[in-house]
Amino acid sequence: MIVDPWGAVIANCLEESGVAVAEIDLEKLLQVRLNMPVQSHRRHDLYRLNAAPVALPDFTAETHNFGGHIISRNEIFYETRLTLALVNLKPIVPGHSLVIPKRCVQKFVDLTEEEVADLFHVVQKVEAMLEQRYQVNSSMLTIQDGVDAGQTVKHLHVHLVPRRPNDFAKDEVYRELDRHDKDNRKARLPEDMAAEAREYRKLMYGDALHWTFDC
């Protein structure tokens with residue numbers, strides 16, 4: 001007996017010995033395969049390849065290490081098992097944020113494949129939130145990958161900068177990014193950074209969380 005995957009008998013031998021032959025419709029088989037819930041139908045927000053599972057934050061640690069700098073939990077607005085998103089101490093524009101791997105590595109090539117996938121999944125989600133929050137349709141995503149590229153904190157991080165038409169003169173944004181944490185500009189107050197992070201958390205998580213953060 002030959003039965004197709006849906007339970008239909010397409011060929012059957014009699015009780016005596018014999019050979020059963022069934023015709024396979026290759027065109028139908030192709031259409032079934034195209035419609036199967038595999039890669040093109042994956043819910044990437046729930047199930048991801050080579051990436052950390054989506055997890056609600058568990059801030060058992062009061063602080064995180066960012067290349068030797070201590071980051072308060074109040075500055076963090078999104079978290080997975082491998083990645084953090086945080087507000088910026090000296091942003092060059094409103095919304096300028098950072099996404100970092102939890103593991104302290106200096107160079108992009110030092111990340112594992114799993115960390116790379118998770119990092120950029122978070123970058124994608126944060127970019128969408130920031131563009132909606134600041135009503136823009138463009139962003140700059142930048143990694144200063146090493147000291148000679150302008151990296152001042154020896155912990156890999158992605159800058160997310162919402163962009164507007166004519167917000168910077170030609171190439172000036174790169175010079176501004178290069179000097180923003182090197183010059184004497186005033187750092188933001190912790191309470192202002194905490195307030196911004198609270199707003200972003202609500203936009204990222206909605207009502208999925210009740211936060212108990214210090215101001």
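How many nonpolar, polar and charged residues are in the lining of the second largest pocket? By class, this lining has 7 nonpolar, no polar and 5 charged residues. The model is predicted, with local features needing pLDDT of at least 70 and side-chain atom pairs pLDDT 80 or more, while totals for chains, interfaces and linings use all residues. Residues are numbered from 1 along each chain as its sequence is written, and side-chain values use heavy atoms, without hydrogens and water.

**View 1. The second largest pocket, of about 280 Å³**. Its lining comprises 12 residues, with Asp4, Pro5, Trp6, Ile24 and Leu29 nearest the centre. Helix α1 (residues 26-35) gives the largest share, 4 residues. A pocket is an open set of points on a 1 Å grid over the protein atoms alone, where a 1.4 Å probe fits, with protein on both sides within 12 Å along at least five of seven lines; lining residues have an atom within 4 Å of a point.

**View 2. The largest pocket, of about 400 Å³**. Among its 20 lining residues, Phe66, His69, Asn88, Leu89 and Val153 are the closest to the centre. Two or more lining residues come from each of β4 (69-72) and β6 (83-87), and β4 supplies the largest share, 3 residues. The lining has 9 nonpolar, 8 polar and 3 charged residues. Helices (H or I, at least four residues) and strands (E, at least two) are DSSP runs, numbered from the N terminus.

**View 3. Val9 in strand β2 (residues 9-11)**. Val9 counts as partly exposed because its relative accessibility is 47%, between the limits for buried (under 20%) and exposed (over 50%), with a 1.4 Å probe and protein chains only.

Terms used: Points joined across faces, edges and corners; volume = space filled by probe spheres on them. Nonpolar A, V, L, I, M, F, W, Y, C, P; charged D, E, K, R; others polar.
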